[in-house]
Amino acid sequence: MRRFSIACLFCLISTIGWAQQNTLEDTLTWGNITPGQVEQLVGMADRGHAVALYGVGRCYFNGYGLPKDKFKAVEYLGQAADKDQPEALYLLGQCYNYGLGVVKNEAKARDLFQRAVKWFEQDIEENLYAPYYLALCYTYGFGVPTDMGKSISLLEKAANMGNTQALIDLAQAYLQGGQVTKNPTRALELFTIAAEHGNPVAQLHLGYCYLDGDIVAPDRVKARDWFQKAADQGLPGAIKALQSL
């Protein structure tokens, strides 16, 4: 059976209308998917495209561009998982693990996670989201034994490949400490790198760093600028942050 990863979406960018620097996974993570993108995604899913099936499932799961509906999410994720789409295997595993939109079944969840891990390991050098999701598997013990050292190492790998979500997760780890030695200055650096690469979630975090002034000198002008950059990309939390200033 042919298997599709998020990396496959790069060849569909011009068709579905995503900005060239962003993948579907970025958009689904950020929550700023547009109605037009959802419509095109649904059309591609109706034609059986594995990545699109996963994308529609994510939209239903999170309520991004479609009504939040865990049952419909499981339906679409299941179709994508049948095609060995790695991210769908991972999210469907969560659904079975926690009983989200489906009867809880830990054995089924374990099988799905293990299948996802296999594909993430295979794609680890080509797909910048493969080491990121594999890091999450090691963080939560999904399909592999929990290993925070491996998780951090994989996040570093994903970040070095240009995965801005990995940069954010690393920044939060440095803010909290525990997994790594607490280092707020390093966290600020990582948020800044991700924000400068256009990640609106990082821009929102960086805006709050300047607004709160806990790890950098407070600067409401810079805070507003970063909130505005994120809001311009349609990030709901950034729009609310601007309104609160």
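# Close-up views of helix packing and loop residues

**View 1. Leu175 and the residues around it.** Leu175 touches Lys182, Pro184, Ala187, Phe191 and Ile215, leaving aside residues up to four places away in sequence; contact means heavy atoms within 4.5 Å. The model is predicted: local features need pLDDT of at least 70, side-chain atom pairs count only at pLDDT 80 or more, and totals for chains, interfaces and linings use all residues. Residues are numbered from 1 along each chain as its sequence is written, and side-chain values use heavy atoms, with hydrogens and water left out. Leu175 is placed in helix α10; helices (H or I, at least four residues) are DSSP runs, numbered from the N terminus. Its relative accessible area of 28% makes Leu175 partly exposed, the class between buried (under 20%) and exposed (over 50%), computed with a 1.4 Å probe on protein chains only. From C-alpha to C-alpha, Leu175 and Ala187 are 5.9 Å apart in space and 12 residues apart in sequence.

**View 2. Packing of helices α6 and α7.** Helix α6 spans residues 86-98 and helix α7 residues 106-122; their axes are 8 Å apart and the packing angle is about 160 degrees. Axes are lines fitted to C-alpha atoms, for helices over the stretch in contact, and angles run from 0 to 180 degrees between N-to-C directions. The two helices, α6 and α7, are therefore roughly antiparallel; angles over 145 degrees count as such, those under 35 as roughly parallel, 65 to 115 as roughly perpendicular, and the rest as oblique. α6 and α7 cross in a left-handed sense, in which the near helix is turned anticlockwise from the far one by less than a right angle (clockwise would be right-handed). On the α6 side the contact is made by Pro86, Glu87, Leu89, Tyr90, Leu92, Gly93, Gln94, Tyr96 and Asn97, and on the α7 side by Glu106, Lys108, Ala109, Leu112, Phe113, Arg115, Ala116, Trp119 and Phe120. These residues of the α6 and α7 contact comprise 11 nonpolar, three polar and four charged. Ala, Val, Leu, Ile, Met, Phe, Trp, Tyr, Cys and Pro count as nonpolar, Asp, Glu, Lys and Arg as charged, and the others, Gly among them, as polar.

**View 3. Buried residues of helix α7.** The 17 residues of α7 reach 24 Å from the first C-alpha to the last, close to the 24 Å expected at 1.5 Å a residue; the expected span is 1.5 Å times one less than the number of residues. Buried in α7 are Ala109, Leu112, Phe113, Ala116, Val117, Trp119 and Phe120. These buried residues of α7 pack against α6 and α8.

**View 4. Packing of helices α8 and α9.** The axes of α8 and helix α9 (residues 148-160) cross at roughly 165 degrees and come within 8 Å. That makes α8 roughly antiparallel to α9, and the crossing of the two is left-handed. Pro131, Tyr132, Leu134, Ala135, Tyr138 and Thr139 of α8 meet Met148, Lys150, Ser151, Leu154, Leu155, Lys157 and Ala158 of α9. The contact of α8 with α9 has nine nonpolar, two polar and two charged residues.

View 5. Helix α12 (residues 200-212) has 13 residues and spans 18 Å from its first C-alpha to its last, close to the 18 Å expected. Pro200, Val201, Ala202, Gln203, Leu204, Leu206, Gly207, Cys209 and Tyr210 of α12 are buried. Their cover includes α2 (24-30), α10 (164-176), α11 (184-196), α13 (220-232) and α14 (236-244). The axes of α11 and α12 come within 8 Å and cross at roughly 135 degrees, which makes α11 oblique to α12. Leu188, Phe191, Thr192, Ala194 and Ala195 in α11 meet Ala202, Gln203, His205, Leu206 and Cys209 in α12. By class, the contact of α11 with α12 has seven nonpolar, three polar and no charged residues.

View 6. Asp84 lies in the loop between α5 (70-82) and α6 and is buried at 13% relative accessibility. The phi of Asp84 is near 60 degrees, a positive value in a residue other than glycine. Most residues other than glycine have a negative phi. Asn127, in the loop between α7 and α8 (130-140), is buried at 4% relative accessibility.
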